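The sequence and the model come first, and my notes follow.

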Amino acid sequence: MTTTPVQPVQTVGRLALSGVLASALPHDLGTAKAASRYIVPVVFSRRPQPRELDLLHDQSVTRRLAEEGYSDVELRVSDRRLLITNTNLQDLKSGLAHLVGMILREISVQADAERAHRSEELDTLGLLEEQRIEAVRRSAADISFD
């Protein structure tokens, strides 16, 4: 059986949004038949990491949106897109875009801090393991069969 080595997850900069994907907005926007609320697809600056997705889907984000007056709005992820549901371009212009940007910035900072903490823990565990192995080697070297 052949296995493929796991590549480390690489992040380049913080997770942010680069803009609304206008071509994916409802085709009837600006007409009398257009819905007042719809899904606004927004492009991420990079692919979100698993921990960032976990934090984005946390209930605290839903509560925060509701506290800010956006109780019907949901944030979903589809590949490199953030789907902001039950909203419209006007809501985004009047403050929702800023709020979502702040939420993503905080998520990115938290995920980076957690990743750094885990890295430090792994470094510490690696050092302890090296010390343990060296102690075993020294102990074994002290044994004489004379």
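In what order do the four strands form the open sheet? I looked this up and found the order β1-β2-β4-β3, with antiparallel pairing; for pairing I kept to the rule that DSSP finds at least two bridges between two strands. The edge strands are β1 (17-20) and β3 (74-78), each of which pairs on one side only, and the twist averages 30 degrees from one strand to the next, with axes taken as lines fitted to C-alpha atoms and angles running from 0 to 180 degrees between N-to-C directions.

I noted that this is a predicted model, in which local features need pLDDT of at least 70, side-chain atom pairs count only at pLDDT 80 or more, and totals for chains, interfaces and linings use all residues. Residues are numbered from 1 along each chain as its sequence is written, and side-chain values use heavy atoms, with hydrogens and water left out.

I then turned to β2 (residues 38-44) and β4 (residues 81-87), which pair in the antiparallel sense over five bridges; here Pro41 stands opposite Leu83 in β4.

Along the sequence I read the pattern β-β-α-α-β-β-α, which holds three helices and four strands, counted as DSSP runs (helices H or I, at least four residues; strands E, at least two) numbered from the N terminus.

Last, I checked burial: 24% of the 146 residues in the chain are buried, meaning under 20% relative accessible area with a 1.4 Å probe, protein chains only. Among contacts (heavy atoms within 4.5 Å) between residues at least 6 apart in sequence, 67% join residues at least 24 apart.

Technical notes:
Buried < 20%, exposed > 50% of the residue type's maximum accessible area, 1.4 Å probe, protein only.
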